[in-house]
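I opened my notebook next to the model and jotted down what I looked up, stop by stop. Come and read along.

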Amino acid sequence: MSDKKYRIETLALHAGQVPDPTTLARAVPVYRTTAYSFKSARHGADLFALRESGNIYARLMNPTNDVLEKRLAELDGGAAALSLSSGTAAIYFTVANILRQGDELVSASNLYGGTYTQFDAILPQQGIRVNFTPVNDFAAVEAAINGRTRALYVETVGNPVLDVADLESYAKIAKKHHLPLIVDATFTPPTLLRPIEHGADIVIHSLSKWIGGHGTGIGGVVIDAGKFDWSDPRFALYNEPDRGYHGLRFAHDLGANNHLAFILRLRTVGLRNQGPTLAPDAAWQFLQGVETLPLRMAKHSENALAVAEFLRSHPRWSGCGIRGCRMTPPERLPGST
Ligand SMILES: Cc1ncc(COP(=O)(O)O)c(C=O)c1O
């Protein structure tokens, strides 16, 4: 879209799409293609060398997915995005795009169960250690950071306990140690919260929940704020010639796109060589969901407030503390036998 500032409702409908110049189709088409043609051998070579941007092969990119990625990047205030086959894949490939054997991640412990298991049982098998700390315990976060730490990880609202992370305090610590802050914002789509505005470097959403809304697909997206300086030599994957993509040093060799090193590496190394691609039909379904996201989230929030008010006025309500809100069990109510 142009430089004009649009409201989030308009962005949810139109961001990321330029109507097809041949057909002038208004809605986003589904591009069911495996491969793309090149205008010449030189054109193909320039695309592969990332000297020119364009479609190479559908494991790496697809015009339908491209609209979804641009739309979600714009909604979240990011520089660029990549869609993947699930939220779980988005998390795994994000971590693998920063850390390698011997590196460590500091993560809040109140995670979605699948993510917790990935961090606790799978990453250690690959030589990546995860140090868990209670959410918002910043003394514990500081104590867990060491010379091998390469990122901080947190969910905006933890699944299932629903505790809210203090993103600005996490961002302050991340900045102090020059570590990227990765935020899983699945529970707070961009119409509710935009973590990049609170200091996140990388935002992940499972599209399978609120962003899709219809419950008919599995997908994930990673959004890059484009602000982290990957040329710090501690981030070896960005500073050494990458055997995963023609010996490129991602923090140095992308010219005007060096600031997009993270998301370009995720696409050209993670997606290209390991293949967790989101199908264009699923991308199209998620676009249908995004169109109504602002309306649905307003309704969800209204419903949640009504439930909270009902519970707060209930005789068994016993208040909220750092471990969440509680109801008195019936047997402990005065007068119970
Ligand atoms: C907070 C959170 N992150 C990530 C995921 C994983 O997403 P997906 O089911 O799309 O793999 C979930 C799934 O429930 C989740 O709740």
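Which residues of α4 are buried? I found G87, A89, A90, I91, Y92, F93, T94 and V95 on that list, where buried means under 20% relative accessible area, exposed over 50% and partly exposed in between (1.4 Å probe, protein chains only).

**Ground rules.** This is a predicted model, in which local features need pLDDT of at least 70 and side-chain atom pairs count only at pLDDT 80 or more, while totals for chains, interfaces and linings use all residues. Residues are numbered from 1 along each chain as its sequence is written, and side-chain values use heavy atoms, with hydrogens and water left out.

**Entry 1, helix α4.** I went back to this helix, residues 87-96, and noted that it is largely enclosed by the rest of the structure, because eight of its ten residues are buried. My element names follow DSSP runs numbered from the N terminus: helices are H or I with at least four residues, strands are E with at least two. Next I checked the N-terminal end of α4, and S86 caps it. A side-chain oxygen of S86 lies 3.4 Å from the backbone nitrogen of T88.

I looked up E104 in strand β2 (residues 104-108). Is E104 buried or exposed? It counts as buried because its relative accessible area is 5%. I then asked what its side chain meets. There is a polar contact of 2.8 Å with the side chain of N131, and another of 2.9 Å with the side chain of N146. (A polar contact is a pair of N or O atoms within 3.5 Å; within protein, one must be able to donate a hydrogen and the other to accept it, and residues adjacent in sequence count only if both atoms are side-chain atoms.) Leaving out residues up to four places away in sequence, I listed the residues E104 touches, among them L99, R129, R148 and T149. Contact here means heavy atoms within 4.5 Å.

Then I went looking for departures. N159 and P160 are joined by a cis peptide bond, with omega about 15°. P160 sits in the loop between β4 (149-155) and α7 (167-176). L50 has a positive phi, near 60°, and is not a glycine. I placed L50 in the loop between α2 (41-48) and α3 (63-76), and it counts as partly exposed because its relative accessibility is 26%. H178 also turned up, with a positive phi of about 45°. H178 lies in the loop between α7 and β5.

I found G199 in the loop between β5 (181-184) and β6 (202-206). With a relative accessible area of 33%, G199 is partly exposed. G199 touches A171 and L181, not counting residues up to four places away in sequence. I also checked A174, which is 25 residues from G199 along the chain; their C-alpha atoms are separated by 8.9 Å.

The chain splits into domain 1 (8-290) and domain 2 (294-332), with bounds from an automatic or database domain assignment. Their C-alpha centres lie 33 Å apart. Twelve residues of domain 1 and five of domain 2 make the contact. How much area is buried between domain 1 and domain 2? It is about 650 Å², with carbon and sulfur atoms giving 65%; buried area is the accessible area (1.4 Å probe) that two parts lose on being put together, summed over both. I noted that T191, L192 and W210 supply 56% of the area that domain 1 buries against domain 2, more than any other three residues. I also looked for polar contacts across this interface, and the rule finds three residue pairs, both partners at pLDDT 80 or more. On the domain 1 side, α1 (8-14) and α10 (280-291) each give two or more residues. The largest share, three residues, comes from α1.

Last, I looked at the segment after β9 (324-327), where I found P334. P334 counts as exposed because its relative accessibility is 80%. P330 is also in the segment after β9, and is partly exposed at 44% relative accessible area.
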